[in-house]
Amino acid sequence: MFVYIFNIFLLLVEVFQLVLKAGFAVVEAFMYLFIPRAHKSVEGENALITGAGHGLGRELALQLADFGVRLVLWDVDQKAVEKTAADVKRKGGVAFAYHCDVTDEQKVELVAHEVRRDIGDITILINNAGIMHCQTLLCLNNQQIRRTLEINTLSHFWTVRQFLPRMLELGHGHIVAIASIAGLLGCANLVDYCASKFGVVGFMAALAEEIYADRKDYCIHLTTVCPSTMNTRLTHYPRTR
């Protein structure tokens, strides 16, 4: 009986903590309506975006072009990534398009070498490339499941291993992972996608601890973004509750 009451008490404490955090988040968001936070200056940085040919990756490129960033755009769709680069240049930005299949670690290494030779060190890495099948687990075939994990999760390993060492040498860098709300909550018809995005969230959390344990400073910044449903090629008719 005592154990049962104690567990109820712990549950109530946890609920209270969550409500308190939510309250602070609401108050903070309300304050920022009137006192906007200053944007981080990224002028002169070399930023690499994977999956830049479509959707969020393309939009990120177009928006970052306004902030003086030299953009390195990767995508497996050669025509699409070249179009994004052309649109960035049309806005007055600087962009370089590369064909790269981020699931192929040898290809990633080769193209990363080309980027360093042609442009210089990458100081902002945005791992955005992703795929989503929207099928139940039993309807997916083995190749689809493997492809989801290779693009959505394993590609982060290959790109970070290419560009993090130089960031550490420079004492300067920022790694951004585009995860998903599906990396925090399980969703029906997205078992493979959720697993891949949960992996990204875990990857970034562990990487942050690893870098801090090694450096004891915050010269390398890590950001994990978990968007809700977006109107991209992955989801044509987004709905959310």
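Which residue caps the N-terminal end of α5? N141 does, with a side-chain oxygen 3.1 Å from the backbone nitrogen of Q143. Such a polar contact is a pair of N or O atoms within 3.5 Å, one able to donate a hydrogen and the other to accept it; residues adjacent in sequence count only if both atoms are side-chain atoms. The model is predicted: local features need pLDDT of at least 70 and side-chain atom pairs pLDDT 80 or more, while totals for chains, interfaces and linings use all residues. Residues are numbered from 1 along each chain as its sequence is written, and side-chain values use heavy atoms, without hydrogens and water.

Helix α5 spans residues 142-170. Helices (H or I, at least four residues) and strands (E, at least two) are DSSP runs, numbered from the N terminus. The 29 residues of α5 reach 41 Å from first C-alpha to last, close to the 42 Å expected (1.5 Å times one less than the number of residues). A kink of about 45° is centred on L154; the bend is the angle between axes fitted to the seven residues ending there and the seven starting there. G171 follows α5, with a positive phi near 70°.

Strands β2 (residues 70-75) and β3 (residues 94-99) pair in the parallel sense over six bridges. Pairing requires at least two DSSP bridges. L71 has A95 in β3 as its bridge partner. Between β2 and β3 the chain passes through helix α3 (residues 78-90), in a right-handed β-α-β crossover. Right-handed means that, with the strands pointing away from the viewer, the path from the first strand over the helix to the second runs clockwise.
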